[in-house]
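Open the model in your viewer and follow the stops below in order. Each stop says what to select and what is there.

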Amino acid sequence: MTQKTLRICEKGHRYYKSSDCNTCPKCEKDNKPTEDFLARLSSPARNALVHEGITTIEQLAQYTEKEVLKLHGIGRASLPIMRTALEEKGLSFRS
Ligand SMILES: [Zn+2]
């Protein structure tokens, strides 16, 4: 198990990451207006993903369906939307 550590980016956003990647999810989101899969979701589902640090479809692909469903705010109705968004990029949930 990798421990998630608190990082603070140069713009002052606080976020937790367990990887060596230093990319701030908030800045990443600001820089990628084309990542529209979040816009398709209901706002509780979207908030749940953003809260978890998932702001790109590539990040979503690192989760299993089970893990995503465990997030507070994600309902079963969100799954087909996310699955479709992943497939459009040639990705899928981790199995
Ligand atoms: Zn930032």
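**The whole chain**

The chain has six helices and two strands, where helices (H or I, at least four residues) and strands (E, at least two) are DSSP runs numbered from the N terminus. This is a predicted model, in which local features need pLDDT of at least 70 and side-chain atom pairs count only at pLDDT 80 or more, while totals for chains, interfaces and linings use all residues. Residues are numbered from 1 along each chain as its sequence is written. Starting at the N terminus, the elements run β-β-α-α-α-α-α-α. Along the principal axes, the C-alpha atoms fill a box of roughly 35 × 30 × 25 Å.

**Helix α3**

Select residues 43-52, which form helix α3. Ala45, Ala48, Leu49 and Glu52 are buried there (20 or more other C-beta atoms within 10 Å of the residue's own; exposed means 12 or fewer, partly exposed in between; C-beta atoms are placed from the backbone). Seen down the axis of α3, the buried residues fall within an arc of 95°, so they line one face of the helix; the arc is that of the directions from the helix axis to the C-beta atoms. On the other side of α3, look for Ser43 and His51, both exposed. Now show α2 (37-40) and α6 (78-88), which are among what covers the buried residues of α3. After α3 comes glycine 53, with a positive phi near 95°.

**Glutamate 28**

Next, select glutamate 28 in helix α1 (residues 25-31). Glutamate 28 counts as partly exposed because it has 18 C-beta neighbours inside 10 Å.

Definitions and conventions:
Contact = placed C-beta atoms within 7 Å.
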